[in-house]
Amino acid sequence: MKKRYLFLLLVVLLVTQPASAYLDPGTGSFIWQMLIGIVLGTAFMLKMYWQKTKSSFKKLIYHEEKKH
Amino acid sequence: MRKKNTEVLASSFRDPSGFIFRRDDVLYRQVNCTYKEHYDALMATGLYEDLVEKKMLVPHQEVDLAPEIPNIAYKIIMPQEISFISYPYEWSFTQLKQAALATLEIERAALEYGLTLKDASAYNIQFLDGKPLLIDTLSFEKYKSGDLWIAYRQFCQHFLAPLALMAYCDIRLNQLLRIYIGGVPLDLTSSILPKWTWANWGVLIHIHQHARSQAKHADSHLPINRSNMGRNALFGLIDSLSGTVLRLKWQPDGTEWADYYNETNYTQLGLEHKKKLILEYLELAKPGSVWDLGANTGLFSRLASKHGIFTVAFDVDPACVERTYLETVKHHESCLLSLLLDLTNPSPGIGWENKERTSLIDRGPVDMVFALALLHHLTISNNLPFDRIAGFLAGICNDLIIEFVPKEDSQVQKLLANREDIFDNYTQEIFEREFSQNFMILRKDPIIDSLRTLYLMKRCDV
């Protein structure tokens with residue numbers, strides 16, 4: 001009988017979830033934002049460079065066409 | 001000493017930076033000393049002027065008024081008042097989408113001026129002249145180099161999650177916002193969204209993986225160094241969120257808007273007569289504001305709004321609300337606001353003490369209500385007796401334009417097709433008798449080419 005109670009206690013201790021009132025979804029959000037920030041920041045920089053290059057190229061073509 | 005006729009709004013308690021109060025029927029905001037540095041930065045950097053000029057931030061005036069709580073007060077400001085406060089669970093898909101994009105645009109502009117949004121609550125956005133407007137002047141704070149966007153999670157829960165659910169699952173899921181005042185939880189959103197959305201880059205990172213990260217670290221309680229985010233990373237985050245929101249689209253069942261709603265049995269002559277009568281009634285009652293209950297796509301609402309009367313067009317059909325909103329934007333209709341409302345279960349008071357977001361009734365009364373082709377839906381589809389409808393309407397308006405549709409009308413016959421006719425009291429005589437308990441009948445006109453009658457009524461005690 002004692003063994004049975006001990007087993008039950010062990011199950012309860014192992015299975016019990018943390019009290020939801022103390023769970024904070026904000027921590028995971030901050031960590032996630034910092035992680036994706038690296039990828040999104042790099043992608044944003046590349047996008048900006050690409051747009052600048054594209055607009056310079058367009059300007060160049062426009063000037064060349066004007067010359068002719 | 002507390003002033004008379006003054007009241008701090010029940011919704012204004014979360015932010016220590018200040019609060020909203022109403023005194024002698026004028027709305028003010030107290031800016032607290034703790035917010036001084038940020039308020040001064042907003043006003044001095046040019047961000048305020050820029051956003052007000054773009055009609056993205058509510059304009060305000062600094063006023064010389066005795067503060068509500070003097071010992072913590074820095075300034076009192078008087079913001080421009082919004083005619084009708086609406087909530088995200090009352091918005092159509094595009095309204096919520098526009099509100100989301102406006103929030104991101106404001107954050108982008110704020111970063112350019114060295115500030116950032118500390119809140120991205122959908123409740124901070126209201127619609128003025130059809131455009132989303134930030135109404136919380138105290139949402140900004142000075143940006144410190146390396147700061148991450150503190151409102152990222154709130155943005156995802158208030159905007160991205162409901163929009164994704166509306167676009168990819170069911171338009172009605174925006175009603176989850178009515179249950180979750182803090183926005184739709186991301187783990188719930190992730191579990192409802194179809195599996196294929198894991199292949200959508202924006203939804204994957206901002207909802208699915210974001211939710212997983214929340215679950216993984218929910219119990220860690222570790223202090224985090226929040227100063228590790230580069231400025232480019234912030235712009236990248238805003239850019240990615242904007243792209244994800246922009247790609248979300250909704251159109252009801254692939255139908256074409258033009259023919260979406262054409263369910264009336266009016267002849268052209270009857271319809272024109274009804275419009276003429278409504279215009280006559282408006283001229284008689286001269287209301288300052290109108291609520292059109294069951295507005296459909298706003299055909300009759302526009303009779304009022306085009307005469308400069310601020311009108312809210314409510315309908316239970318998300319497609320009607322969406323179409324009305326798109327048209328108001330297209331035609332720059334400044335006096336018309338379209339909102340989603342199930343009149344048989346109108347928006348309740350929610351949040352702390354049921355007072356943070358007020359019920360529909362508490363946002364009244366309005367000068368005039370239109371109840372056009374509505375009565376038979378309430379009585380026959382919802383078993384509501386006339387006296388309960390009259391009592392409700394008398395509680396929200398002074399003047400009423402109401403249409404009586406008799407049982408013989410083909411639209412009523414449709415409702416009765418598969419119902420036992422237990423509506424012996426549904427007669428014009430009983431309708432008039434019951435409504436006369438609360439209203440005086442000022443005009444009664446049969447609509448030509450139809451079996452229907454239009455009434456102009458005035459509340460007895462006005």
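**Exercise 1. Find how helices H3 and H11 of chain B lie relative to each other.**

Step 1. The axes of helix H3 (residues 93-112) of chain B and helix H11 (residues 318-330) of chain B come within 7 Å and cross at roughly 55°. Helices (H or I, at least four residues) and strands (E, at least two) are DSSP runs, numbered from the N terminus. Axes are lines fitted to C-alpha atoms, for helices over the stretch in contact, and angles run from 0 to 180 degrees between N-to-C directions.

Step 2. Angles under 35 degrees count as roughly parallel, over 145 as roughly antiparallel, 65 to 115 as roughly perpendicular and the rest as oblique. H3(B) and H11(B) are therefore oblique to each other.

Step 3. Now look at who touches whom, where contact means heavy atoms within 4.5 Å. From H3(B), Phe93(B), Thr94(B), Gln95(B) and Gln98(B) meet Val321(B), Glu322(B), Tyr325(B) and Leu326(B) of H11(B).

A note before you go on: this is a predicted model, in which local features need pLDDT of at least 70, side-chain atom pairs count only at pLDDT 80 or more, and totals for chains, interfaces and linings use all residues. Residues are numbered from 1 along each chain as its sequence is written, chains are lettered from A and ligands numbered from 1 in the order in which they are written, and side-chain values use heavy atoms, with hydrogens and water left out.

**Exercise 2. Describe the contact between chain A and chain B.**

Step 1. Chain A brings 22 residues to the contact and chain B brings 31 residues.

Step 2. Together the chains bury about 2300 Å², 71% of it on carbon and sulfur atoms. Buried area is the accessible area (1.4 Å probe) that two parts lose on being put together, summed over both. Phe30(A), Trp32(A) and Gln33(A) supply 27% of the area that chain A buries against chain B, more than any other three residues.

Step 3. The interface has one salt bridge, a side-chain nitrogen of Lys or Arg within 4 Å of a carboxyl oxygen of Asp or Glu. Asp239(B) pairs here with Lys47(A), the closest N and O atoms being 2.6 Å apart.

**Exercise 3. Locate two backbone features in loops of chain B.**

Step 1. The peptide bond from Gly364(B) to Pro365(B) is cis, with omega near -5°. Pro365(B) sits in the loop between strand E12 (336-340) and strand E13 (366-371) of chain B.

Step 2. Lys55(B), a residue other than glycine, has a positive phi near 55°. You will find Lys55(B) in the loop between helix H2 (47-53) and strand E4 (60-63) of chain B.
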